Amino acid sequence: MTQLTARPESARTPSPPPAVAPASPLHRDAERPVRKALRVVCLLIAAGVFLYPFLWLISASLKPSTDVFDNALLPHVWQLGNYAEIWQAVPLLRWVGNSVAVTLAAAVTVTASSALVAFGFAYFRFPGRDALFALVIGTMMLPAVVTMVPQYLIWNWLHLASSQVPLWAPNLFGSAFYIFLLRQFFLGLPRELFEAARVDGASYWTMFRRIAVPLCRPALIVTFVFEVQASWTDLVRPLIYLRDPQLYTVPRGLKAVLDQFGAGGEMRWDIVCAASVVVTVPMIIAFFVCQRHFTEGIATTGSKG
């Protein structure tokens, strides 16, 4: 007669965990509208937070001076004459033209010079390349106020300290941030393309102009748009170099408007707000015009290197 023996606890086969019933398709379909609605609500709240200051600015520019700070988005009394008055009070159109010229010059020069330097660091291999690139990147750690006085002395020695040239001419030597950005993009290009071009007799300038630039156009657009925004809103350098009101850029002109109509002047904050709206609209238009290229450049640059 066979004797049954109990197996030890460790030898027993563990029981499988209870199976979790998958969510039914009807349940998943019911969750999708809820998640979509929550996403839309969150996006609307975020958009409202960012849009409210600009909407308040537009509303304040359409109010009398006594109602500017009543925090009502719809003016009780509409005063469209603020915009006509600001055009008559200051040479705003000339300031906008100065800013457009300086901004385009700064953006074009820094994009071209930074692309050339970045291509050199990405393509050529020479002793000390990494150390030299680290030195270029290290200049980003240098505060701008450190070089402010030496730069002014240089431009004053060149008799250009009271002109618009110092606002864009330093970009001829590139920017460390843009050099880093474009170098990472150039490193993502297949080197075989350049080697094949060299076999066909192409020069380095031809490779840069016909291969590197077309393939890196999104990154170049990002660099251009970044510099447009930085130059359009720059106030420090115009405050240092510009003395003639006819040479003022938009930020320097707004500072003059604030001095004349703001707390230290006539207390006409409606005029200040109207001028702020006028000089903000061009940047909004530029962003919407370049939005597709800008988004493509950001996404593509993030996937390189």
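## Helices α2 and α13

In this predicted model, where local features need pLDDT of at least 70, side-chain atom pairs count only at pLDDT 80 or more, and totals for chains, interfaces and linings use all residues, helix α2 meets helix α13 through Asn 82, Tyr 83, Glu 85, Ile 86 and Trp 87 on the α2 side and Asp 270, Ile 271, Ala 274, Ala 275, Val 277 and Val 278 on the α13 side, contact being defined as heavy atoms within 4.5 Å. By class, this contact of α2 with α13 has eight nonpolar, one polar and two charged residues, where Ala, Val, Leu, Ile, Met, Phe, Trp, Tyr, Cys and Pro count as nonpolar, Asp, Glu, Lys and Arg as charged, and the others, Gly among them, as polar. Residues are numbered from 1 along each chain as its sequence is written, and side-chain values use heavy atoms, with hydrogens and water left out.

Two packed helices are described by the angle between their axes and the distance between the axes. The axes of α2 (residues 81–89) and α13 (residues 269–289) come within 9 Å and cross at roughly 80 degrees, and the two helices are therefore roughly perpendicular to each other. Helices (H or I, at least four residues) and strands (E, at least two) are DSSP runs numbered from the N terminus, while axes are lines fitted to C-alpha atoms, for helices over the stretch in contact, with angles running from 0 to 180 degrees between N-to-C directions. Angles under 35 degrees count as roughly parallel, over 145 as roughly antiparallel, 65 to 115 as roughly perpendicular and the rest as oblique.

## Helices α3 and α7

Helix α3 (residues 92–123) and helix α7 (residues 176–187) have axes that come within 8 Å and cross at roughly 50 degrees, which makes α3 oblique to α7. On the α3 side the contact is made by Val 110, Thr 111, Ser 114, Ala 115, Val 117, Ala 118, Phe 119, Phe 121 and Ala 122, and on the α7 side by Tyr 178, Ile 179, Leu 182, Arg 183, Phe 186 and Leu 187. The residues of this contact of α3 with α7 divide into twelve nonpolar, two polar and one charged.

## Residues in and around α3

Ala 118, placed in helix α3, counts as buried at 0% relative accessibility, where buried means under 20% relative accessible area, exposed over 50%, and partly exposed in between (1.4 Å probe, protein chains only). Not counting residues up to four places away in sequence, Ala 118 touches Ile 179, Leu 182, Arg 183 and Phe 186. The C-alpha atoms of Ala 118 and Tyr 178 are separated by 8.3 Å, although these residues are 60 residues apart along the chain.

Thr 111 also has its place in helix α3 and is buried at 10% relative accessibility; leaving aside neighbours within four places in sequence, Thr 111 is in contact with Leu 182, Leu 220, Thr 223 and Phe 224. Asn 171 lies in the loop between α6 (165–168) and α7 and is buried at 9% relative accessibility.

## A loop residue and the cysteines

His 159, found in the loop between α5 (144–157) and α6, is exposed at 73% relative accessibility, and His 159 has a positive phi of about 60 degrees although it is not a glycine.

A search of the whole structure finds zero disulfides, a disulfide being a pair of cysteine sulfur atoms within 2.5 Å. Cys 216 is buried, with a relative accessible area of 1%, and Cys 273 is buried, with a relative accessible area of 7%.
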